[in-house]
Amino acid sequence: MHEWFATMFKIIKEMLPPDVRVARDAQDLLVECCVEFINLVSSESNEVCSREEKRTIAPEHVLKALEVLGFGEYVEEVYAAYEQHKLDTLDSPKGGKSSIEMTEEEALAEQQRMFAEARARMNNGMTLQKQSDSDHVLNS
């Protein structure tokens, strides 16, 4: 099993209340959904890049792909996370090492830090979303 499967299982577990269990089949399905989403966004990013007659997929191609695929509501948050990531890697004590220059332990620690930040952003968004959903129900 790939290390990222284990990382994704850990994220799934951390996102849920401690008393909630997730069946192994459901975990596998969630991971497959993530893989499919990445494939979908990558493919559309490539299409956007090709239409612009570029040979390298750039961040703006990924953002445009999200819009084309109907995920435009996430573009602002994704862009903010991307910008924060750029700042974090520039300001990191490692001096912005690329993953090639990192040891496996450093890369795993960096991955865990980035996942923690993404979880925090997602939890804040989910809290706001749940609140607005409940407001909608109350106002209906």
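## Basis of the model

This is a predicted model, in which local features need pLDDT of at least 70 and side-chain atom pairs count only at pLDDT 80 or more, while totals for chains, interfaces and linings use all residues. Residues are numbered from 1 along each chain as its sequence is written, and side-chain values use heavy atoms, with hydrogens and water left out.

## Overall fold

The chain contains five helices and zero strands; helices (H or I, at least four residues) and strands (E, at least two) are DSSP runs, numbered from the N terminus. Of its 140 residues, 18% are buried, where buried means under 20% relative accessible area, exposed over 50% and partly exposed in between (1.4 Å probe, protein chains only).

## Helix H2

Helix H2 comprises residues 24–51. Its 28 residues should span 40 Å at 1.5 Å a residue, and the 41 Å between its end C-alpha atoms agrees with this; the expected span is 1.5 Å times one less than the number of residues.

The buried residues of H2 are Gln 27, Val 31, Val 41, Glu 44, Ser 45, Val 48 and Cys 49. Their cover includes H1 and helix H3 (59–68). Glu 44 counts as buried because its relative accessibility is 15%. Beyond four places in sequence, Glu 44 touches Arg 51, Ala 65, Val 68 and Leu 69, a contact being heavy atoms within 4.5 Å.

## Nonpolar core

The largest nonpolar core consists of five residues: Phe 5, Met 8, Phe 9, Ile 12 and Val 31. Helix H1 (residues 3–15) gives the most to this core, with four residues. Such a core is a set of buried Ala, Val, Leu, Ile, Met, Phe, Trp, Tyr and Cys residues joined through side-chain atoms within 4.5 Å.
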